[in-house]
Amino acid sequence: MSAACYSWTPSAKVVSDSNPDRIGKQLVGTPRNQVSAWADYRFGNGVKAGLGVRFMGSTHGANGTAPAKIPSYTVFDAMLGYDFEHWALALNARNLTDRIYLGRNCDAYSCGYGERRSLVATATYRW
């Protein structure tokens with residue numbers, strides 16, 4: 001199974017807000033271009049594997065207030081699993097290469113890093 005998605009946001013300006021300083025600014029962390037793709041394969045013996053990629057274009061931070069342009073980034077995700085009887089076991093990795101990048105919520109005063117590598121193991125029982 002595979003899936004891909006592309007999003008182009010030419011302009012996402014705030015037109016109404018309780019804070020008048022936000023009006024006319026770009027929405028929080030909304031890049032012009034976003035791309036993601038995922039593909040997985042299920043082998044005949046119950047083993048499954050998948051790989052994905054996510055690209056986020058550059059932004060000017062929260063409501064366009066970051067002092068410098070926040071660069072774009074690309075991260076990779078992966079999955080390895082095994083299905084048997086009523087069970088499905090999986091290990092998912094986000095930001096597989098542990099890329100360090102600036103997060104989307106930078107503003108005029110602070111900026112933080114994006115999500116580091118994370119691993120999640122799941123066990124699912126289907127009735």
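Predicted model: local features only at pLDDT ≥ 70, side-chain atom pairs only at ≥ 80, totals over all residues.
**An open antiparallel sheet and its surface patch**

In strand pairing, Asn92 stands opposite Val120 of strand E6. Strand E5, made of residues 87-94, pairs with E6 in the antiparallel sense, and eight bridges link the two.

Six strands build an open sheet, and their order is E1-E2-E3-E4-E5-E6, with antiparallel pairing. At the edges lie strand E1 (2-8) and strand E6 (118-125), each of which pairs on one side only. On average, neighbouring strands of this sheet are turned by 10 degrees against each other, direction ignored.

The surface carries a nonpolar patch formed by Tyr82, Phe84, Trp87, Leu89, Tyr125 and Trp127, and together these residues have about 680 Å² of accessible area. Strand E4 (73-84) and E5 are the elements that give two or more residues to the patch. One of the patch members, Trp87, is found in strand E5. Trp87 counts as partly exposed because its relative accessible area of 34% falls between the cut-offs of 20% for buried and 50% for exposed.

For Asn95, phi is near 55 degrees, a positive value in a residue other than glycine. Phi of Asp98 is likewise positive, near 55 degrees, and Asp98 too is a residue other than glycine. Is Asn95 buried or exposed? With a relative accessible area of 1%, Asn95 is buried, since buried means under 20%.

How values were computed:
Residues numbered from 1 in each chain as written. Heavy atoms only, no water. Pairing = 2+ DSSP bridges. Helix = DSSP H or I, 4+ residues; strand = E, 2+ residues; numbered from the N terminus. Axes fitted to C-alpha atoms, helices over the stretch in contact; angles between N-to-C directions. Patch = residues over 30% accessible without salt bridge, like charges linked within 9 Å, V, L, I, M, F, W, Y side chains within 5 Å. Areas by Shrake-Rupley, 256 points an atom, 1.4 Å probe, with all protein chains shown as cover. Salt bridge = Lys/Arg side-chain N within 4 Å of Asp/Glu carboxyl O. Buried < 20%, exposed > 50% of the residue type's maximum accessible area, 1.4 Å probe, protein only.
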